[in-house]
Every structure is written in structure tokens, then in C-alpha cells.
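Here is a friendly walk through one protein model, starting with charged pairs and moving on to the sheet and the pocket. Keep the picture open as you read.

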Amino acid sequence: MKCAVTGSFDPITVGHIEVICEAKKLFDTVVVLMLVNEQKECFFSVEQRLKFIQLCTKDIGVEVAFYKGYTADYCKQNNIKTIVRGVRNQRDYNYEMEMAQFNKTRGDVDTIFVYAKRFKEVSSTRVREQIINNKFSNDLPKEILDSEEFKKIVE
């Protein structure tokens, strides 16, 4: 079976990696699908985010893709029946339930929620703030921190 782990991944965090690894336990094929919303201003470019995702997932055995449009449409076009999303708290759950209902209605795609066990406090927003303040933590995967691409960005 095949699933998609979706997000803007701006940037990918250790929390995202946890969700991807959990999805890999449940599905034969996992597509890490970076969604591009041109109305949303991102900190990192599409190319940078894709590169970071590839760096962080190269040893996990997943596919990496990006899509400009609705998740449900991508899933229908690529014969994906399930989306896996991470939730950290009730607020995440409420938001994700709305998205799950939309994806079910639009594309008959189911959503599985994975509860964040170790990285409940990690968020891309917090990581971006750390980057802006030049204070890095373990929220950002080592593969990114060690990459030449990231070092150029923060110089």
C-alpha cells in the first residue's frame, strides 16, 4: 500500500521525520509530498525545501515529490488512497480533521493521524524563528545543519 505524508516542510523538522518514519512502518511506499501554495510566503524556496527533504530522508527509503494544487488531486492522479499527518495537540487535530474531511470529499482519500511522541513541541515556525535569530537546536535535522546549502543561507 501507498501513502502520502504531506506538508509545506518550511523547513522539514525532526517532528516531520518522526511522522515519516511512522508512516514507513505502516505502508510499503511512502511519498513525502511537499505542497506548494503560491499564496503562502515561505522562508525557504521550493528547491531548498526539496533538497532538505531529500537529504533528511535518503536513508529512510521514501519517494519525494512536490505539487501545486490540492492534496486530494495529487493522490487521485497517483493512486494514493491514504494521507498520513502528524498531530501534536488538540488544535492540530481540529485543523487536520477539517483537511481530512475535505480530502475525503474531494478525492475519496482517507487520512491517518500519527500522534507526535517525542517531538510534540517542534514546529516549523519555531525552527524558522531559531534560524532568524541564529540559534539552532535539535529541532532541525543534523543533515540540514551540516549541509553546505544551509550554511550558505545562514552566513
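## Salt bridges

The count of salt bridges comes to nine, where a salt bridge is a side-chain nitrogen of Lys or Arg within 4 Å of a carboxyl oxygen of Asp or Glu. Before going further, note that this is a predicted model, where local features need pLDDT of at least 70, side-chain atom pairs count only at pLDDT 80 or more, and totals for chains, interfaces and linings use all residues. Residues are numbered from 1 along each chain as its sequence is written, and side-chain values use heavy atoms, with hydrogens and water left out.

Why do such pairs turn up? Side chains of opposite charge can pair when their charged atoms come close. Here are some of the pairs in this model:

| Pair | N to O distance |
|---|---|
| D73 and R106 | 2.9 Å |
| R88 and D92 | 2.7 Å |
| K104 and D110 | 2.8 Å |

Take D73 and R106, whose side chains meet in a salt bridge. D73 sits in helix α3 (residues 71-77) and R106 in helix α4, so this pair ties together parts that are 33 residues apart in sequence. Helices here are DSSP runs of H or I with at least four residues, strands are runs of E with at least two, and both are numbered from the N terminus.

How open to the outside are these residues? The scale is relative accessible area: buried means under 20%, exposed means over 50%, and partly exposed is in between, using a 1.4 Å probe and protein chains only. R106 has 37% relative accessibility, so R106 counts as partly exposed. In the second pair, R88 is partly exposed at 24%, whereas D92 is buried at 12%. In the third, K104 is partly exposed with 37%, and D110 is partly exposed as well, with 38%. K104 and D110 also belong to a network of salt bridges that links them with D108.

## The sheet

In what order do the strands of the open sheet come? There are five of them, arranged β3-β2-β1-β4-β5, and the pairing is parallel. Two strands pair if DSSP finds at least two bridges between them. At the edges are β3 (63-67) and β5 (110-115), each of which pairs on one side only. From one strand to the next, the twist averages 30°; the axes behind that angle are lines fitted to C-alpha atoms (for helices, over the stretch in contact), and angles run from 0 to 180 degrees between N-to-C directions.

Now zoom in on β1 and β2. The two strands run parallel and are joined by six bridges, with β2 covering residues 29-35. You can follow the partners along the way: V5 has V32 as its bridge partner in β2, T6 stands opposite L33, and G7 has M34 as its bridge partner. As background, in a regular strand the side chains alternate between the two faces of the sheet.

Five of the six residues of β1 are buried, so β1 is largely enclosed by the rest of the structure. For β2, six of its seven residues are buried.

Elsewhere things open up. D28 is in the loop between α1 and β2, and at 59% relative accessibility D28 counts as exposed. Over in strand β5 you will find I112, which is partly exposed at 31%.

## The largest pocket

Rolling a probe the size of a water molecule over the atoms shows where empty space is left. The largest pocket has a volume of about 1200 Å³. A pocket is found on a 1 Å grid over the protein atoms alone, as an open set of points where a 1.4 Å probe fits, with protein on both sides within 12 Å along at least five of seven lines; lining residues have an atom within 4 Å of a point. Grid points are joined across faces, edges and corners, and the volume is the space filled by probe spheres set on the points.

Which residues are closest to the centre of the largest pocket? Of the 44 residues that line it, the closest are G7, S8, R85, Y95 and E96. At least two lining residues come from each of β1 (2-7), α1 (14-26), β4 (82-87), α4 (90-107) and α5 (124-132). The largest share, eight residues, is supplied by α4.
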